[in-house]
Amino acid sequence: MIDCKKFRTQKLADPMCRDAAVQAHAEHCPPCAQYAAKLEQFEQKLRCCAVDACGDMPPDLCERILEQTKQSSAAGNVRAARQSWFTALLDKLGGGGTRTWFAPTMGAMAMTLVLGVAGLISFNLSNTPSPMARSVIAHVVSEPGIFALRDQVPANAVQLAFAQLGGALEGSLGEVHHLGTCMLEGKLVHHLLVETPDGEATLMLVPGEALDAGAHSEQGYTAAFIPLPKGSLGIVTRSEDTARKLKARLERSVRVQS
Amino acid sequence: MDQRGFESMVRTHSSDLYRFAYWLSRDKHLAQDLVQEAFSAAWKAFDSLRDKTAAKPWLFSILRNEYARSFQRKRLDIQDGVELEELSVSVPAEGQERVELENLLQALPENYREPLMLQVLGGFSGREIAQMLNITEQNVMVRLTRARHALRRLVDPEQADEDVDVA
């Protein structure tokens, strides 16, 4: 049998604890049973508070997660198909590594072909969009509610966001409707919604690599990047024309901090 | 990969994960992003989850890792230098007790808030929490005891007087 001190310690650590020893003590000690009942009431309050404070999970979050998974699977399948095709080609050329008569001339031919194919593939890859361009577009598509936001964003907060990537903004971007932080590819990025003279745009200040990839369009959006000392400024707009004009404007108005 | 099994896991655990993510980051938008990132990582490693009944603690651990990876290096606006003794609350007005409790939970230092939320929201045992946080079960129990006592001391001092000495 545990004593009152042990009982209360155990209950305070886990009010829902239903250990036999704990139960047995409560049955024989009315003050501790009362203590446990009050603690359970407090626990209910605590749980309600913890749940209510978060609000409901957005109803579309599950769908967004599943959609993201499907896209990732589809990309994985394409990669796997490419890989298996490539392996099959090597097998054909090299005899699959199981035949002992693999002639040096065949090896040389195989190597020539392999290098040719590798070159072709790398050329194709260089023409594909950067993963970050796809990610920023996917992020914008996944948060349509942000376009309705009309927050009061202090100018110094915008400056601070740029400064974190080693940039300084000269002049105004336009009307900033929202400035928040989001997760993107495991990085914490600043997400701005701006009404610029060229049209509405989402700007994403992505820390890390300075990207200078060409513009990329998909899902009705165009993404472009401006490299900064400590990351990249991603520009996402609904039209290619707006992205092009805005990129040119920002290249003039964002200066690198020394 | 077992797409259907994964989908079922998403639908079953996303709400709990979202709530836990909220209490880690204390920001609803970040919480959503964290849950998405966690499931994205979970999908990539789904085949390694042999015991599908252990999905819940596995997902919570992934989410913690995502949070640690992304946030703890760059704590933009989170300050956790508060000690339990420094927690304070104004006298709650009628019907305001829950607001005060929420504020206290927000202000609770992370090393106390995290195990508490894993227990209150996730329903995990002391042993499971210890494994997730990589600390001893004894340490988890001490943190839980102290966290609850600190909250009770401020919300209901009379009841907290009946708590054992948790110093």
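What share of the 258 residues in chain A is buried? In this predicted model, buried residues make up 29% of chain A. The secondary structure of chain A comprises eight helices and eight strands. Among contacts in chain A with a separation of 6 or more, 50% join residues 24 or more positions apart.

Helix α6 of chain A runs from residue 131 to residue 142. Its 12 residues reach 16 Å from the first C-alpha to the last. That span is close to the 16 Å expected at 1.5 Å a residue. The buried residues of α6(A) are A:M132, A:A133, A:V136, A:I137, A:H139, A:V140 and A:S142. Elsewhere in chain A, the loop between β5 (216–218) and β6 (221–228) contains A:Q219. A:Q219 is not a glycine, yet its phi is positive, at about 50°. A:Q219 has 10 other C-beta atoms within 10 Å, so it is exposed; the cut-off for an exposed residue is 12 or fewer.

The two chains touch. In total, 48 residues of chain B are in contact with 36 residues of chain A. Several helices of chain B each supply at least two residues of the side that touches chain A: α1 (3–25), α2 (28–44), α3 (55–72), α4 (97–107), α5 (110–120) and α7 (137–155). The most comes from α2(B), which gives 12 residues. By class, this side of chain B holds 21 nonpolar, 12 polar and 15 charged residues.

Within chain B, helix α4 includes B:Q106. B:Q106 is exposed, because 11 other C-beta atoms lie within 10 Å. B:Q106 and B:R26 are 80 residues apart in sequence. In space, their C-alpha atoms are 7.4 Å apart.

Next comes a pair of packed helices in chain B. Two packed helices are described by the angle between their axes and the distance between the axes. For α5(B) and α7(B), the angle is about 95° and the axes are 9 Å apart. Angles of 65 to 115 degrees count as roughly perpendicular. The two helices, α5(B) and α7(B), are therefore roughly perpendicular to each other. On one side of the contact stand B:N111, B:Y112, B:P115, B:L116 and B:Q119 of α5(B). They meet B:V140, B:R143, B:L144, B:R146 and B:A147 of α7(B). The residues of this contact divide into six nonpolar, two polar and two charged.

Helix α6 of chain B covers residues 126–133. Its buried residues are B:G126, B:E128, B:I129 and B:M132. Seen down the axis of α6(B), these buried residues fall within an arc of 160°, so they line one face of the helix. An α-helix has 3.6 residues a turn, so residues three or four places apart point the same way.

What follows α6(B)? The residue after α6(B) is B:N134. B:N134 is found in the loop between α6 and α7 of chain B. Its phi is near 60°, a positive value in a residue other than glycine. Is B:N134 buried or exposed? B:N134 is exposed, because 8 other C-beta atoms lie within 10 Å.

How values were computed:
Residues numbered from 1 in each chain as written. Chains lettered and ligands numbered in written order. Predicted model: local features only at pLDDT ≥ 70, side-chain atom pairs only at ≥ 80, totals over all residues. Helix = DSSP H or I, 4+ residues; strand = E, 2+ residues; numbered from the N terminus. Buried ≥ 20, exposed ≤ 12 C-beta atoms within 10 Å, placed from the backbone. Contact = placed C-beta atoms within 7 Å. Arc of directions from axis to C-beta. Nonpolar A, V, L, I, M, F, W, Y, C, P; charged D, E, K, R; others polar. Expected span 1.5 Å × (residues − 1). Axes fitted to C-alpha atoms, helices over the stretch in contact; angles between N-to-C directions. Parallel < 35°, antiparallel > 145°, perpendicular 65-115°, else oblique.
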